[in-house]
Amino acid sequence: MSEVIYMGEKNKKLSEKIEELSGEKITLCEQCGICTTSCPMADDMDITPAGIMRYSQIGDEKVVDSEAIWICASCFTCTVRCPRGIDLAKVAEALRELNLRKNVDHIDVNHLDEELNELPAIAVVSALRKFTS
Amino acid sequence: MQKFPYYPGCTLKQTAKNFEKSAIASARAIGIELVELPRWNCCGAVSSLTSDEIMRHVAPIRNLVRVQQMNDEGMLENEYRLITLCSMCFNVLKRSNMVVTGDAEMLHTINQFMDTEPDYEGTVEVMHFLEILRDVVGFDKLRARVKKPLKDLKISPYYGCTLLRPKEVGIDDAEAPTIMENFIEALGGEAVDNPYRSLCCGSYHTVGENKKIVAERTYKIINAARRNGADVIITSCPLCAFNLDNRQKLTKEMHPDFEYMPVLYFTQLMAIALGKEEDAGLEDNFVDPRPILRERGFLGVKQ
């Protein structure tokens with residue numbers, strides 16, 4: 001039995017925006033869930049990687065506001081394993097960018113609990129690249 | 001001495017000085033001179049993954065221009081294989097190189113933008129030092145240079161993410177790599193299996209409020225190594241090293257049953273095996289690897 005989901009104009013726009021920004025064809029996802037079972041961070045996410053894909057397909061704003069897209073650390077495990085060849089790391093990056101490009105930072109580097117020079121430079125640079133606009 | 005261009009990256013001049021020091025000494029011991037790129041800049045640590053990012057490729061590509069210049073100016077003789085040590089820098093430089101050499105229009109835009117630099121011609125091959133050891137030197141030749149085999153030392157290789165993934169960038173099979181195991185065996189050590197050898201350590205979550213994510217992964221990865229009998233862990237990424245080594249303190253706070261384990265850069269063990277113990281930089285590791293290495297007789301006379 002199949003069910004048709006009618007997407008409103010707003011949903012469609014978001015879904016297209018995610019495809020454009022990620023360069024990935026998100027409609028290819030058939031919800032097999034291998035990304036979720038492979039994801040080392042899934043336990044700490046509010047929605048699973050397969051959930052990120054589903055919400056992206058139907059253009060649900062929930063995905064843009066989720067914590068999961070920030071927990072994804074671009075380890076590329078799902079990318080390597082996706083049987084549909086989708087680069088999920090690019091989808092997560094697109095979703096982070098949708099937030100960051102509104103000039104909203106995800107961390108406040110002026111109030112860290114550690115001195116910046118005690119952390120490896122690559123840790124600081126990558127955190128800034130991923131969490132700030 | 002065979003000269004190669006060498007890109008250190010920021011962290012090798014900061015928290016991972018022992019990585020650079022041990023690598024330079026080890027390379028020299030097998031006839032390789034790492035010639036540091038003049039005026040290199042930060043690669044950006046992570047690749048931008050959105051389809052419209054051109055700007056973020058400028059920093060990596062500018063470093064590749066330096067390799068061309070070194071050849072043009074006679075610092076190198078027709079050597080375009082760029083050696084990296086830091087896994088993250090390796091990944092970013094290689095990925096940007098692949099992107100721009102596969103996209104003539106983007107390369108043109110970047111070259112136009114860098115109007116005070118010579119054009120990047122796409123001639124550089126970005127390689128990791130482990131690849132040089134496997135493919136250029138050869139693990140058999142490395143084995144022949146070993147002065148102090150790491151006999152009976154049980155070593156758990158930790159690949160992390162950026163040496164292996166994504167597939168087109170990785171230096172070995174993304175799911176079943178062997179390069180570190182073969183490296184360990186070349187040094188006379190024993191590679192022990194670790195099911196979490198390529199599990200993400202949590203990366204940059206070590207910055208800020210989510211560092212418990214890292215500590216939980218450290219707990220998992222090190223406990224698996226211990227269960228399989230490992231004495232030490234080796235890695236090639238200064239961020240993984242920080243997370244697996246320095247974050248053991250937080251791991252211990254969260255899990256009182258946790259036991260410390262030394263985490264070393266692969267080049268530190270290489271330096272010891274090649275008789276360059278004084279350049280191994282063992283004093284800089286958070287969990288001191290010297291007691292176990294001394295106990296097994298790999299370090300000089302007791303102090």
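Leaving aside neighbours within four places in sequence, which residues is B:Ile233 in contact with? The views below come from a predicted model.

**View 1. B:Ile233 sits in the largest nonpolar core.** This core holds 133 residues. Within the core, B:Ile233 and B:Ile234 touch the most other members. Leaving aside its neighbours within four places in sequence, B:Ile233 is in contact with B:Ser156, B:Tyr158, B:Ile222, B:Ala225, B:Leu244, B:Met261 and B:Val263.

**View 2. Chain A meets chain B.** Here 30 residues of chain A are in contact with 34 residues of chain B. Four helices of chain A each supply at least two residues to the side that touches chain B: α1 (9-22), α5 (77-81), α6 (88-100) and α7 (121-131). The most comes from α7(A), which gives nine residues. By class, the side of chain A that touches chain B has 18 nonpolar, six polar and six charged residues.

**View 3. Helix α7 of chain A is mostly covered.** Of the 11 residues in α7(A), nine are buried. They are A:Ala121, A:Ile122, A:Ala123, A:Val124, A:Val125, A:Ser126, A:Ala127, A:Lys130 and A:Phe131. What do these buried residues of α7(A) pack against? One partner is α6 of chain A. From chain B come α3 and α9 (238-246).

**View 4. Chain A has two domains.** Domain 1 of chain A covers residues 9-102. Domain 2 of chain A covers 106-133. The C-alpha centres of these two domains lie 24 Å apart.

View 5. A:Lys13 is in helix α1 of chain A. A:Lys13 and A:Glu67 are 54 residues apart in sequence. In space they are 22 Å apart, C-alpha to C-alpha. A:Val4 lies in the segment before α1 of chain A. A:Val4 and A:Lys130 are 126 residues apart in sequence. C-alpha to C-alpha, A:Val4 and A:Lys130 are 36 Å apart in space.

**View 6. The two domains of chain B touch.** Domain 1 of chain B spans residues 2-129, and domain 2 of chain B spans 138-295. Their C-alpha centres lie 25 Å apart. How many residues of each domain are in contact with the other? The count is 24 residues of domain 1 of chain B and 26 residues of domain 2 of chain B. On the domain 1 side, α1 (17-29) and α3 of chain B each supply at least two residues. The most comes from α1(B), with nine residues. The domain 1 side divides into 12 nonpolar, eight polar and four charged residues.

**View 7. Helices α2 and α3 of chain B pack together.** Two packed helices are described by the angle between their axes and the distance between the axes. For α2 (residues 58-72) and α3 (residues 87-101) of chain B, the angle is about 90 degrees and the axes are 9 Å apart. Therefore α2(B) and α3(B) are roughly perpendicular to each other. From α2(B), the contact uses B:Pro60, B:Ile61, B:Asn63 and B:Leu64. From α3(B), it uses B:Val92, B:Leu93, B:Ser96, B:Asn97 and B:Val100. Six of the contact residues are nonpolar, three are polar and none is charged.

**View 8. Helix α3 of chain B also meets α4 of chain B.** The axes of α3(B) and α4(B) (residues 104-113) come within 6 Å. They cross at roughly 110 degrees, so α3(B) is roughly perpendicular to α4(B). B:Val99, B:Val100 and B:Thr101 of α3(B) make the contact with B:Met106, B:Leu107 and B:Ile110 of α4(B). Five of these residues are nonpolar, one is polar and none is charged.

**View 9. Helix α5 of chain B and the residue that follows.** α5(B) runs over residues 129-137. Its buried residues are B:Phe129, B:Leu130, B:Glu131 and B:Leu133. What covers them includes the helices α1, α6 (139-145) and α7 (179-186) of chain B. The strands β3 (81-84) and β4 (125-128) of chain B are also among the covering elements. After α5(B) comes B:Gly138, with a positive phi near 95 degrees.

Notes
Residues numbered from 1 in each chain as written. Chains lettered and ligands numbered in written order. Predicted model: local features only at pLDDT ≥ 70, side-chain atom pairs only at ≥ 80, totals over all residues. Domains from an automatic or database assignment. Contact = placed C-beta atoms within 7 Å. Nonpolar A, V, L, I, M, F, W, Y, C, P; charged D, E, K, R; others polar. Axes fitted to C-alpha atoms, helices over the stretch in contact; angles between N-to-C directions. Parallel < 35°, antiparallel > 145°, perpendicular 65-115°, else oblique. Core = buried A, V, L, I, M, F, W, Y, C linked by C-beta atoms within 7 Å. Buried ≥ 20, exposed ≤ 12 C-beta atoms within 10 Å, placed from the backbone.
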